Amino acid sequence: PITIIHGVPLSQPFRSVVWPCLIKNVKFRLEVATPGAGGKYSTRKSEYLSSFPLGTIPSIEDIDDDGGDGNESGCAKRFCLSEAPAILAYLSAKNNWEDIYPTDISSRAKVDEYLHWHHSNLRSVTKGYFRPRVFPHAHLSDDAVHKREAAHALKVLERSYLHRCSTGANGNFLLGTSHPTAADFMAYEEVVQLRMCNLYADVLDHSDYPNIYAWMAKMRSLPYHDEVHAALEELGDLNENHVGSPPMRERLALATKVGLRALKAAMRQHESIARL
């Protein structure tokens with residue numbers, strides 16, 4: 001069986017899928033796919049849309065080349081899926097990742113609750129802070145609205161989801177667990193870019209968000225954190241355009257190359273360990 005993950009490492013949902021795959025030692029292949037209408041790897045090309053009609057990243061392909069499941073022709077069975085929460089749920093069920101997506105109905109429901117909330121709430125961090133900096137010419141009139149939504153979502157994260165961490169109940173992760181779930185991987189990828197790209201000054205003061213900062217430190221200690229976030233590290237400070245800095249398009253291209261190189265190095269490390 002072959003698992004292929006399509007996307008780029010500057011994508012928040014893409015990172016939320018690749019990271020647990022590395023932690024769980026899942027063998028996979030990377031294929032570059034960039035959101036938008038232009039470029040060689042565009043998600044708007046007919047070849048991509050024929051498999052992934054939503055035209056989004058990440059997307060995955062699972063290819064079973066043994067002709068199983070009664071496939072009398074012997075042709076490979078191919079399953080395609082988009083949307084990070086759906087992908088995490090699928091991979092968890094397939095690989096028995098009960099810690100990431102619980103089988104207990106009540107615990108799973110709490111993860112689902114966060115994942116449903118995420119798209120219309122914490123995702124505003126990207127829409128209000130990250131996207132306007134990396135695509136300045138696509139400035140939208142609702143950026144200010146997204147910033148207000150992001151600020152509200154961060155307060156909910158601090159005072160509700162992470163409150164149990166500060167009171168010592170159960171564990172240090174988003175839903176009070178002793179280990180990260182799909183909710184943690186999705187949420188972290190929104191918040192971490194504020195820190196790594198120096199966008200947090202006016203929205204994430206340490207004194208107002210001690211629970212978020214403690215949780216972020218816990219997430220940073222997980223395996224493969226640096227490899228997964230190498231693209232953000234390379235992209236660097238987005239708070240202002242420094243004199244002499246290259247155009248944003250060049251910065252994005254270089255960050256993508258660095259991020260892909262780091263991920264491929266981590267994948268090779270997996271293969272080396274598997275051969276021991």
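1. Two strands are taken to pair if DSSP finds at least two bridges between them. On that basis this predicted model contains an open sheet of four strands in the order E2-E1-E3-E4, and the pairing within it is mixed. Strand E2 (29-32) and strand E4 (77-82) form the edges, each pairing on one side only, and neighbouring strands of the sheet are turned by 20° against each other on average, direction ignored.

2. Strand E3 (residues 59-64) and E4 run antiparallel and are joined by six bridges; within this pairing, Ile-60 has Leu-81 of E4 as its bridge partner.

3. Helix H3 (residues 84-95) lies across E1, E3 and E4, and runs at about 135° to E4.

4. A further packing concerns helix H8 (residues 182-196) and helix H9 (residues 210-220), whose axes are 11 Å apart and meet at an angle of about 105°. Because angles of 65 to 115 degrees count as roughly perpendicular, H8 is described as roughly perpendicular to H9.

5. On the H8 side, the contact is made by Asp-184, Phe-185, Ala-187, Tyr-188, Val-191, Val-192 and Arg-195, while H9 contributes Ile-212, Trp-215, Met-216, Met-219 and Arg-220. By residue class, the contact of H8 with H9 comprises nine nonpolar and three charged residues, with no polar ones.

Notes
Residues are numbered from 1 along each chain as its sequence is written. This is a predicted model: local features need pLDDT of at least 70, side-chain atom pairs count only at pLDDT 80 or more; totals for chains, interfaces and linings use all residues. Side-chain values use heavy atoms; hydrogens and water are left out. Helices (H or I, at least four residues) and strands (E, at least two) are DSSP runs, numbered from the N terminus. Axes are lines fitted to C-alpha atoms, for helices over the stretch in contact, and angles run from 0 to 180 degrees between N-to-C directions. Contact means heavy atoms within 4.5 Å. Angles under 35 degrees count as roughly parallel, over 145 as roughly antiparallel, 65 to 115 as roughly perpendicular and the rest as oblique. Ala, Val, Leu, Ile, Met, Phe, Trp, Tyr, Cys and Pro count as nonpolar, Asp, Glu, Lys and Arg as charged, and the others, Gly among them, as polar.
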